[in-house]
Amino acid sequence: MNTALLIAPLAISGLSAALAALISLTDKIVNNYGECIISVNGGKKELTVQGGSSMLATLAEQQIFIPSACGGRGSCGECKVKCTTDVGPHVPTEMPWMTPSDLKNNVHLSCQFKVKGDVGIEIPEYLFYVKRYKATVERITDLTHDIKEVYFKLPDGVSTNYKAGQYAQIEVPPYGKIKEPTQRAYSLSSTPNDPNHVEFMIRLVPGGIVTTYVHEHLKEGQKLDVIVPFGEFHVRDTSATMVCVAGGSGMAPFKSIFTTMVEDGSIDKRDVWYFFGARSVRDLFYVEWLSELDEKHERFHFIPALSEPEESDNWQGETGLITEVLDKYLVSDNLKDAEKEGYLCGSPGMLDACMAVMRKHDMEDERIYFDKFA
Amino acid sequence: MKMSPEFIRAQRNMQPGEITADGFLGDDSRSLIDIIAADEAAMSDLDLAFDDCASQLEDLMEAGRRGLGEPVTIDATWRVKTDEARGVLPSPFEDGVFRKVNATIELVGDASATLRITALSLHLMKRYHFLQGLGAAFRIEPRMLKRVLKR
Amino acid sequence: MNAPDIGLFSLFFASIFTSNILLANFLGMCSFIAISKDLKSSNGLGLAVTVVLTVTGAANWLILHYILIPYDLIYLRFIIFILVIAAMVQILEMVIDRVSQKLYITLGIFLPLITVNCAILGVSLFIEIREYNFVQTVIYSLGSGLGWWLAIVALAAIRNKTEKTKTVPAGLQGSGLTMITIGLMALAFIGFSGMLSVQ
């Protein structure tokens, strides 16, 4: 009787152990993909990695951070990479995030396929330099009733390397009903010449998870994760006239760009037209700084436009939608025949509308730059 | 009523803090499928078709986007104001991503007749007949829909 | 141990046709109905079930005769059979993932669900009740698997045809008509039953 009591658990645990051993043995044999070579951007970078893990995790191990808000669970759809070799069909978990052109171009969520052999992928080159920091909030300033400027200090001794105009991802911790850390992208408004700090302008989006946190919970002295830098929005090194258009918190990359241009003197070397659209005076900010630039630097022109100035505003400047003002200036003598580059930052609707106006005036699509954060 | 795994997952994604801070269900304690069934009944009582209404709302929103955030008056009947943020939101049913664009549509001369819609809420309305829970920020109330669209 | 006196050949055919595990014993209905919508996945699942059945049938026989019976642990058979089945399915899943990504995706959730497919546990328990010897066990498991495979592919083919006809009343569409079809198929298979027997 006593032995029976002993044998039963022994038999079960012994069998389970044997089966578990069998499973892990199979796992070792079947899932051993050995060393694989990931060829990035047609061989520009070759990574020798241990196969078997997801592309996202494998790349993270190699210090390449594909943007991802969910951390590889397939629920944010941000970690898309274009594959140049066959990595198998699209799996159901990634289908919700695939556009028809993604399907055609063999774009996959990097968290949803494993590295099983030598593969080729294409990723934007700036991802090679992306780093993650714990940054401390040094200062929060109200720019308007719904835009805050947040100035972060990076850990001591760290210096970032980004181009004015690029953006970063900010991750906020779980709060209230939000149970998971959430990441969102914001343009950097600081200058790369101050490499130990980063700064953002964040407009409150009703119902937005990160913007609500920043506006209602974030305190000076707090630490947040900042992943920097992303994006291909930066000043092209030409002598063409820069036609810059922004609205609201779209000011951010231009603050960065103009500050940098003042610092390196390039602001006096090419023509810059900066159109900034807002509704009324209470939505305007940095006007004094920009007007001062306009006065000091002959080739810099600041054109604020209000679409609905209030009587009390006593507005003397341009009125109307930013597209109407842009339309008017693009045919003016100053801009009509100049070689032009477009720089845009704002809501997707504003981008589309400004693109249409610029196209109408024969500006080439390839020379109009913007980050849609798509 | 018993719900399919797809709906159970969707209802979970609709909770506050999953996709949006406030969620899609407001303070409605009914299950997703009951909300849809109740609204389908309400819509047919009012003689409204989901597809027709959704495509009219879509047209109004598209027309409103031309205002770049400023109110646009359409056919001297509707005043539409859109607001956009950068980035996209996934559908709670995991069948696509949508721009963060919302529109407030009101009848000219009757500011009490107002609807708030988003690119995502129109998708949910068209594809799933889901008008969101009572008390949700972007709930489309069938009676209000009839008033605003003048049907 | 006294194994039933039955020819291997007739056992093989009996397990496929006359005692078809699906249509005579009605085991493994869940995935049978769910997957038979599509011919290709039915084929893949049929193959997977056949492999799991044969392997677990043999493994469970060995465990039954070399561990459970000698140590008087027969009462543990349910839990141990299920353990073995679960482990085999895990292994099969890894192998399929490696060999054919496409099949892996088509089978999706139904691959792990083979674990709780009653046909698999059923076969292991039949083996015990009918006191098959090892060779008979392998033949019977393989036959049952092939029978399951045959049945699901046949049903998928029939459903393919019936779904194209527009004359099916709304209330019968989908699983309603499928159940009737399965009933008719079962009748047809039972027609063989006088010819051969599994025990």
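Predicted model: local features only at pLDDT ≥ 70, side-chain atom pairs only at ≥ 80, totals over all residues.
The contact draws on 30 residues of chain A and 27 residues of chain B. About 2300 Å² is buried between chain A and chain B. Carbon and sulfur atoms contribute 55% of that area. Two salt bridges are counted between the chains. One of them pairs the side chains of Arg203(A) and Asp83(B), at 3.5 Å from N to O.

On the side of chain A that touches chain B, three elements each supply at least two residues: strand E9 (182–187), helix H7 (322–330) and helix H9 (348–360). H9(A) gives the most, with five residues. By residue class, this side of chain A divides into 13 nonpolar, eight polar and nine charged.

The backbone holds a cis peptide bond in chain A. Val228(A) and Pro229(A) are joined by this bond, with omega about -10 degrees. Pro229(A) lies in strand E11 of chain A, residues 223–230.

Asn106(A) has a phi of about 60 degrees. Asn106(A) sits in the loop between helix H3 (100–104) and strand E4 (107–109) of chain A. The relative accessible area of Asn106(A) is 21%, so this residue is partly exposed. In chain B, Gln132(B) has a positive phi of about 75 degrees. Gln132(B) belongs to the loop between helix H4 (119–128) and helix H5 (142–149) of chain B. Gln132(B) counts as buried because its relative accessibility is 4%, under the 20% cut-off.

How values were computed: Residues numbered from 1 in each chain as written. Chains lettered and ligands numbered in written order. Heavy atoms only, no water. Contact = heavy atoms within 4.5 Å. Buried area = accessible area lost by both parts, 1.4 Å probe. Salt bridge = Lys/Arg side-chain N within 4 Å of Asp/Glu carboxyl O. Helix = DSSP H or I, 4+ residues; strand = E, 2+ residues; numbered from the N terminus. Nonpolar A, V, L, I, M, F, W, Y, C, P; charged D, E, K, R; others polar. Buried < 20%, exposed > 50% of the residue type's maximum accessible area, 1.4 Å probe, protein only.
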